[in-house]
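Please open the structure in your viewer and keep the sequence panel beside it. The stops below say what to select and what is found there.

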There are 2 protein chains.
Amino acid sequence: MVGQGGRKPMDLLAEPERAQLLRGFHRRRLSRGELLSQPGAERDSVFILEKGRIRVFLALEDKEHTLTFLEPGDLYSTHSDTYVQAVSDSELLSVPTRQMLSRLSEVPAAAPVIVSVLGQALGHAMRLIEDLALRDVEGRLARFLQGMQERRGEPTAAGIRLHLDLTTEDIARLLGTTRQTVSSLLNRFVREGVLSRIAGGGFLILDVDQLRARSQRSRMSAG
Amino acid sequence: MVGQGGRKPMDLLAEPERAQLLRGFHRRRLSRGELLSQPGAERDSVFILEKGRIRVFLALEDKEHTLTFLEPGDLYSTHSDTYVQAVSDSELLSVPTRQMLSRLSEVPAAAPVIVSVLGQALGHAMRLIEDLALRDVEGRLARFLQGMQERRGEPTAAGIRLHLDLTTEDIARLLGTTRQTVSSLLNRFVREGVLSRIAGGGFLILDVDQLRARSQRSRMSAG
């Protein structure tokens, strides 16, 4: 939830608060494909990813929807509705949520950090809901690229260079669509001069205004 | 977000922590229809609804999606993506988010309460995302009724009595559909013996298992 760029939450905490908050966290290793949590698991926990990559998703019968990919430094909490799965061998620090909550009273300096992390997660969830309720797939892709560009884009003379460490399949999962649809929409964006591909992966965003305009179109009015 | 039943967050705080946390909150009155916040507003705030009723929604061009209705006692925070609108004359206590965050360090006992509220809001957002991504409208309505029944249902000899202070229009807005669709689905549930209507408003849920089964069907497999 807190993935995809930005400062890492634990970096905002000074020592010794950081050490004090992390007391009681225990280290876990997950193999690629292993589930850390799934709906109905007996208890919630808070964890910080140290190494590897983790996917958070919702699933119902044969259908699933990826909420986010976590990177090292990201803080996340398992909750009853989500699946949390290692997509590569991973290492994390974990503590039961209840224990973290009682620790918070002892480490007052940590409270604003935790609240901010949760606030960011809520903001991310809101954007996802907005996407799903109001945008078609082209609008979601435009909003996704525009958001990534704002957080990670590097301005160059030719346009804004955007390197993504996500595959087309990953993007499709985040947007709730298929790899084929993402591919053909990206090709359309290239054809229409919105962006171009960079050798070695990534994009050059040529027309940021156009990207923003497409992300602001609602599902009904999109042609 | 925290609406629709359950203990009210501020009731979990003992005096004098409650008073200490509320120091700096200022009272605001909103007339019916007035917006407390909209996307692009200059700053975020945290508020507690004291009287009235508030709708939180997302909008893009001519399309909108209601996230929740807030009731007195609910704690909510405005954030950049949402519209917050009084649906009846309302009164609330409000404070800038930044100020609340700095106050948290001084009132350590409040931190677990605020974190729990945010956690509940995130859980609510997850269920909405699950709804939008994975369920068709019948599944959303079944999940909604099942959830309300768990939190508010009163067991009787004939079935579980459920009183809702929401109109068919309100339910339609929460599920991202039309009043007509909600009406015809409710009629179908009545015809199929899942529930019956109670004179004076509300429902009697006759077959909870059937309701749960329908809420567990994904969009693809639902007939």
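The tour begins with the conventions, then goes through the interface, the sheets, a salt bridge and some backbone details.

This is a predicted model, in which local features need pLDDT of at least 70 and side-chain atom pairs count only at pLDDT 80 or more, while totals for chains, interfaces and linings use all residues. Residues are numbered from 1 along each chain as its sequence is written, chains are lettered from A and ligands numbered from 1 in the order in which they are written, and side-chain values use heavy atoms, with hydrogens and water left out.

**The interface**

Show chain A and chain B together, and select the residues in contact (heavy atoms within 4.5 Å): 44 residues of chain B meet 44 residues of chain A. The buried area, which is the accessible area (1.4 Å probe) that two parts lose on being put together, summed over both, is about 3900 Å² between these chains, and carbon and sulfur atoms give 75% of it.

The elements that give two or more residues to the side touching chain A are β4 (54-60), β5 (63-70), α2 (97-106) and α3 (110-134) of chain B, and α3(B) provides the largest share, 18 residues. By class, this side of chain B has 24 nonpolar, ten polar and ten charged residues; Ala, Val, Leu, Ile, Met, Phe, Trp, Tyr, Cys and Pro count as nonpolar, Asp, Glu, Lys and Arg as charged, and the others, Gly among them, as polar.

How many salt bridges does the rule find across the interface of chain B and chain A? A salt bridge is a side-chain nitrogen of Lys or Arg within 4 Å of a carboxyl oxygen of Asp or Glu, and across this interface there are zero.

**The sheet in chain A**

Select β9, β10, β12 and β11 of chain A, which in that order form an open sheet of four strands with antiparallel pairing; two strands pair if DSSP finds at least two bridges between them. Strands β9 (154-155) and β11 (195-197) of chain A stand at the edges with a single partner strand each, so one side of each has no neighbour in the sheet. Then zoom in on β10 (residues 160-162) and β12 (residues 203-205) of chain A, an antiparallel pair over three bridges, where Ile160(A) has Ile205(A) as its bridge partner.

Select Leu162(B) to find its bridge partner in β12(B), Phe203(B).

**A salt bridge in chain A**

Over all chains, the count comes to 40 salt bridges. For one of them, display the side chains of Glu169(A) and Arg179(A), which meet at 4.0 Å, N to O. Glu169(A) lies in helix α5 (residues 168-175) and Arg179(A) in helix α6 (residues 179-191) of chain A, so the pair ties together parts that are ten residues apart in sequence.

**Backbone details**

Most residues other than glycine have a negative phi, and most peptide bonds are trans. Select Glu15(A) and Pro16(A), which are joined by a cis peptide bond with omega about 5°; Pro16(A) is found in the segment before α1 (17-22) of chain A. In chain B, a cis peptide bond joins Glu15(B) and Pro16(B), with omega about 5°. Finish at Glu61(A), in the loop between β4 (54-60) and β5 (63-70) of chain A, where phi is near 50°, a positive value in a residue other than glycine.
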